[in-house]
Amino acid sequence: MTLRTVFTEKLGLRYPIVSAPMGGEAGGALAAAVSEGGGLGMIGAGRGDREWLRREAGIARAATEKPWGIGYLTWAITEAAIADALSYEPAAVMLSFGDPTPFADPVREAGVLLVLQVTDREEARRAVDLGADVIVAQGGDAGGHSGEKAIGTMSFVPAVVDLAGSIPVLAAGGIGDGRGLAAALALGAAGALIGTRFQASPEALVSEEIGKALLAADGEDTEINRTLDIARGAPWPANYPARTLRNAFLERWRDRDEELRGSPEALREYREAAARGDVSVIPVWAGQAVGLVADIEPAADIVAAIAAEAERTLARIGR
């Protein structure tokens with residue numbers, strides 16, 4: 001009862017917990033496991049690879065009859081990607097990083113929950129104007145890409161809650177356990193969107209080496225950079241840098257991004273090492289709550305543990 005919110009009521013969820021649609025890492029197995037556990041699982045369809053989504057959506061549909069969703073990188077897709085997503089009948093479509101204006105109406109017209117992630121107040125105002133059903137307020141604590149002007153989650157979430165009015169807000173960034181979920185609810189959010197903690201699950205599409213790197217890391221081992229996107233040749237807009245674990249490649253090229261762009265030899269060396277999955281060069285996306293990740297656990301168990309701890313935390317505060 002403690003964790004019932006307007007967001008859980010919208011989708012008939014047991015818990016106000018959403019797994020982040022981490023591009024290429026959050027597939028159908030993870031989405032289904034989170035949904036079966038009582039939250040909302042999201043498939044990270046990234047830039048709209050149709051064959052990848054067909055496979056992963058098929059896995060989700062076969063594994064659960066509970067609500068699940070699909071997330072895209074807004075800057076990288078077309079209306080065809082939205083139509084593709086809607087063909088799988090998700091409960092929600094989440095759009096992040098970029099202007100969602102061209103895609104909002106088709107999602108709403110399909111009767112699917114429109115979830116817009118925002119990284120600053122300007123994006124939050126646009127989400128309200130577009131009639132988002134749910135807004136994700138992503139603070140600068142988050143792993144992976146975030147806003148160039150992003151501020152801390154504790155400061156950003158209540159600001160977005162005030163702007164959103166009756167629109168439910170999910171807190172994102174640096175939330176890795178039930179205490180973080182309880183804090184999000186105390187800030188006025190209707191739930192939390194969690195990424196890094198769900199990476200450390202057997203259902204996530206990450207290598208064993210990445211899992212080990214997450215377990216060994218603490219928040220101080222993360223940093224915001226554009227360097228690894230440059231090395232990967234990923235055409236991310238400049239206003240969305242990424243938080244990753246610190247690694248040897250970043251140490252070598254820190255504050256030398258333009259030099260890296262102009263070094264074919266360095267880029268070739270990166271590609272060769274990345275093809276081997278070398279965690280000393282590839283981005284390991286991780287938020288500042290990575291130090292709270294102590295085990296690789298099934299996603300449904302993670303949902304249950306977060307919910308139970310949040311309930312205990314709220315009960316303790318109430319006393």
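**Close-up views of a predicted model**

**View 1. The largest nonpolar core.** The largest nonpolar core of this predicted model contains 79 residues, and Phe7, Tyr72 and Phe198 have the most contacts inside it. Helix H15 (residues 299–318) supplies the largest share of this core, with six residues. A second, separate core is made up of 21 residues, among them Ala213, Trp253, Leu260 and Val290. In soluble globular proteins, nonpolar side chains tend to be buried together.

**View 2. Surroundings of Tyr72.** With neighbours within four places in sequence left aside, Tyr72 is in contact with Ala45, Gly46, Gly48, Leu53, Ile77, Ala81, Ile82, Ala85, Met94, Leu95 and Ser96. Tyr72 is also one of the residues with the most contacts inside the largest nonpolar core.

**View 3. Helix H4 and its cover.** In helix H4 (residues 79–86), the buried residues are Ala81, Ile82, Asp84, Ala85 and Leu86. Ala81, Ile82 and Ala85 are also among the contacts of Tyr72. The cover over the buried residues of H4 includes helix H3 (50–63), E3, E4 and helix H5 (101–109).

**View 4. Helix H8 and its cover.** Gly178, Gly180, Leu181, Ala182, Ala184 and Leu185 are the buried residues of helix H8 (residues 178–186). They are covered by elements that include strand E1 (17–19), strand E8 (169–172), E9 and H15.

**View 5. The largest pocket.** The volume of the largest pocket is about 940 Å³. Its lining has 48 residues, of which Pro21, Met22, Gly23, Gly144 and Trp285 are the closest to the pocket centre. Two or more lining residues come from each of strand E3 (68–73), strand E4 (92–96), strand E7 (144–145), strand E9 (191–194) and helix H9 (196–199). By class, the lining comprises 25 nonpolar, 18 polar and five charged residues.

**View 6. The three-stranded sheet.** Three strands form an open sheet in the order E7-E11-E10, and their pairing is antiparallel. E7 and strand E10 (222–225) are at the edges and have a single partner strand each, so one side of each lacks a neighbour in the sheet. E7 and strand E11 (residues 242–245) run antiparallel and are joined by two bridges. Gly144 lies opposite Arg243 in E11. Gly144 is also one of the lining residues closest to the centre of the largest pocket.

Conventions
Residues are numbered from 1 along each chain as its sequence is written. This is a predicted model: local features need pLDDT of at least 70, side-chain atom pairs count only at pLDDT 80 or more; totals for chains, interfaces and linings use all residues. Side-chain values use heavy atoms; hydrogens and water are left out. On a 1 Å grid over the protein atoms alone, a cavity is a set of points where a 1.4 Å probe fits but cannot get out, and a pocket is an open set with protein on both sides within 12 Å along at least five of seven lines; lining residues have an atom within 4 Å of a point. Grid points are joined across faces, edges and corners, and a volume is the space filled by probe spheres set on the points. Helices (H or I, at least four residues) and strands (E, at least two) are DSSP runs, numbered from the N terminus. Ala, Val, Leu, Ile, Met, Phe, Trp, Tyr, Cys and Pro count as nonpolar, Asp, Glu, Lys and Arg as charged, and the others, Gly among them, as polar. A nonpolar core is a set of buried Ala, Val, Leu, Ile, Met, Phe, Trp, Tyr and Cys residues joined through side-chain atoms within 4.5 Å. Buried means under 20% relative accessible area, exposed over 50%, partly exposed in between (1.4 Å probe, protein chains only). Contact means heavy atoms within 4.5 Å. Two strands pair if DSSP finds at least two bridges between them.
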